[in-house]
Amino acid sequence: MQDISKYLNYKYLRIQGLELASQTNYAKGVFSLCWNLVQKNIMEEEDADLYREIDSWIAEALPYPPQCMNRERVVCFFKTENVKEMLRRIRPALWLLDRYEVPYFMVLTNTPGKIIYEDEYQVVVEVDGKIHIDTEQESWT
């Protein structure tokens, strides 16, 4: 795994792909990218089962923001203060994206947008319809 010390210069991290979500016009996050592969039957069954295990852990470990549950125009960012544990847990999802050649980026920022929800691990920000390009992106593909 890469050195995470540079992430700590930023408050927030989002792992996202190139494809835009129709609801938000914002790049799909790591979980949506993986679910797309599962739902389109692109993943082999063993890989799909692995992703379902990852998703189950996420569902248990992270509170599900009400704005996401209501399918509002929002996106989520991880807090970098807890990024080490989060990256350790979702690294297999990133491996799956690599395996199926889905490009993704680590987007780091101190200003993700208007925060409307926050918990220990993440923030949820309103999406204003613009495509945001931030201070640093690092491709892991």
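Guide: What follows covers a helix pair and then the nonpolar core. This is a predicted model, in which local features need pLDDT of at least 70, side-chain atom pairs count only at pLDDT 80 or more, and totals for chains, interfaces and linings use all residues. Residues are numbered from 1 along each chain as its sequence is written, and side-chain values use heavy atoms, with hydrogens and water left out.

Helices (H or I, at least four residues) and strands (E, at least two) are DSSP runs, numbered from the N terminus. Helix H1 spans residues 30-39 and helix H2 residues 45-61; their axes come within 10 Å and cross at roughly 145°. Such axes are lines fitted to C-alpha atoms, for helices over the stretch in contact, and angles run from 0 to 180 degrees between N-to-C directions.

On the H1 side, Phe31, Cys34, Trp35 and Val38 meet Ala48, Tyr51, Arg52, Asp55 and Ile58 of H2; contact means heavy atoms within 4.5 Å.

Met43 is in contact with residues including Cys34, Val38, Ala48 and Tyr51, leaving aside neighbours within four places in sequence. Met43 and Tyr51 are also among the residues that touch the most other members of the largest nonpolar core, which has 28 residues. A nonpolar core is a set of buried (under 20% relative accessible area, 1.4 Å probe, protein chains only) Ala, Val, Leu, Ile, Met, Phe, Trp, Tyr and Cys residues joined through side-chain atoms within 4.5 Å. H1 and H2 are among the elements giving two or more residues to this core, but the largest share, eight residues, comes from H4.

Note on methods:
Buried means under 20% relative accessible area, exposed over 50%, partly exposed in between (1.4 Å probe, protein chains only).
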